[in-house]
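Try each task before you read its solution.

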Amino acid sequence: MLSAAYEVAKIESKKHDHMARLDIYRNVLEPYFYSHLVENHGKMLQEHWESYRPPRDSEHAFVIVERRAHPNFRFILQNMAWAAPHMAVYLFCSDENLAFIEAILGDKIDAFHIIEAFQGDVSREEGKIGYNDIMTDYRFYESISATYILTIQMDNIIRRKIPASMFVGDYWGNPWAWRTHAAGGGGATVRRVAAMIDLCKKHRPDPTIDVPPLEDAWIAERTSSFPDFEFRREHLMESIPTNHPVILHQFWTFMDAYITTPRDNVVAYWTHLLTLSS
């Protein structure tokens, strides 16, 4: 599947300009990478899932904000369960995908915090607005009983066990290639709950207005407590390649950086990245 993804990327690279390719790569290539993951790690994750029940309370908690019945949802939950079974899990969903989530969880449902935060089926753009809204609303963070949260999206891959040492600073995410000095963000982010409540109350005291266009950039601009570039790069990878990150986020979006390298070399690197290990 990874060799096929490389060839699909080369085909798509000829059809679109650079900015258009980013979105095309992100959406068209994603199924190939998750098919590879399920094929190679699905059995192990399922075996772990069968006896898994997250705690209702923990110092560090997973948070998913997802209003869609997303095809990756089951893999993501099982991946989280393998990576940090000791962490509580908060799922902020919609009336549209609530029953879908309940079907995936089965008899484990009581072990999860499930909050119906959205209503109705909306467009992709409206969905983005809703996400940016809730992630900058202090009331969202007030509903979470944890010291730190690790946000996870449907295009994250946790490839190593989550170390406690990740939970530092007030806010940080994967470093951006175009803005390496900033706290970063996108996909998996580490957030200190009390700091997020204070920040959102200060800069968006009325959460019914002034929704920022990109919540991660909005928070990154307003926080000064985050680890240095090398620490962030070693733990979270998106647009800046590294060798042994803890969590990946849709790195295939930046396919232009890979398809100029021979396929065998690229597939070997991707195979390494997509191997789950302690």
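The exercises below concern a predicted model, and each is followed by a worked solution.

**Exercise 1.** Work out which residues stand opposite Val 63 in strand 2 and in strand 4.

*Solution.* Recall that strands of a sheet pair through backbone hydrogen bonds, in either a parallel or an antiparallel sense. Take strand 2 (88–94) to start with: strand 1 pairs with strand 2 in the parallel sense, over five bridges. Within this pairing, Tyr 90 is the residue opposite Val 63. Now turn to strand 4 (residues 148–151), where four bridges link the strand to strand 1, again in the parallel sense. Here Val 63 has Thr 151 as its bridge partner.

**Exercise 2.** Determine the order of the strands in the three-stranded open sheet, and name the edge strands.

*Solution.* Reading across the sheet gives the order 5-9-8, with mixed pairing. Strand 5 (156–158) and strand 8 (236–237) each pair on one side only, and these are the edge strands. Look next at the contact between strand 5 and strand 9 (residues 247–249): the two run antiparallel and are joined by three bridges. Ile 157 faces Leu 248 of strand 9.

**Exercise 3.** Describe where Asn 72 is placed and why Asn 72 counts as buried.

*Solution.* Follow the chain on from strand 1 towards helix 3 (73–83); Asn 72 lies in the loop between them. Its relative accessibility is 9%, so Asn 72 counts as buried. Then check a distance: the C-alpha atoms of Asn 72 and Pro 31 are separated by 8.8 Å, while the two residues are 41 apart along the chain.

**Exercise 4.** Identify the residues that gather with Glu 96 in a surface patch of negative charge, and classify the accessibility of Glu 96.

*Solution.* The patch brings together Asp 95, Glu 96, Glu 116 and Asp 121. Locate Glu 96 in the loop between strand 2 and helix 4 (98–105). With 48% relative accessibility, Glu 96 counts as partly exposed.

Technical notes:
Residues are numbered from 1 along each chain as its sequence is written. This is a predicted model: local features need pLDDT of at least 70, side-chain atom pairs count only at pLDDT 80 or more; totals for chains, interfaces and linings use all residues. Side-chain values use heavy atoms; hydrogens and water are left out. Patches are made of residues with over 30% relative accessible area and no salt bridge: like charges are joined within 9 Å, nonpolar side chains (Val, Leu, Ile, Met, Phe, Trp, Tyr) within 5 Å. Accessible areas come from the Shrake-Rupley method with a 1.4 Å probe; for residues, only the protein chains shown count as cover. A salt bridge is a side-chain nitrogen of Lys or Arg within 4 Å of a carboxyl oxygen of Asp or Glu. Lys and Arg count as positive and Asp and Glu as negative; His and the chain ends are not counted. The place of a charge is taken as NZ of Lys, CZ of Arg, CG of Asp or CD of Glu. Buried means under 20% relative accessible area, exposed over 50%, partly exposed in between (1.4 Å probe, protein chains only). Two strands pair if DSSP finds at least two bridges between them.
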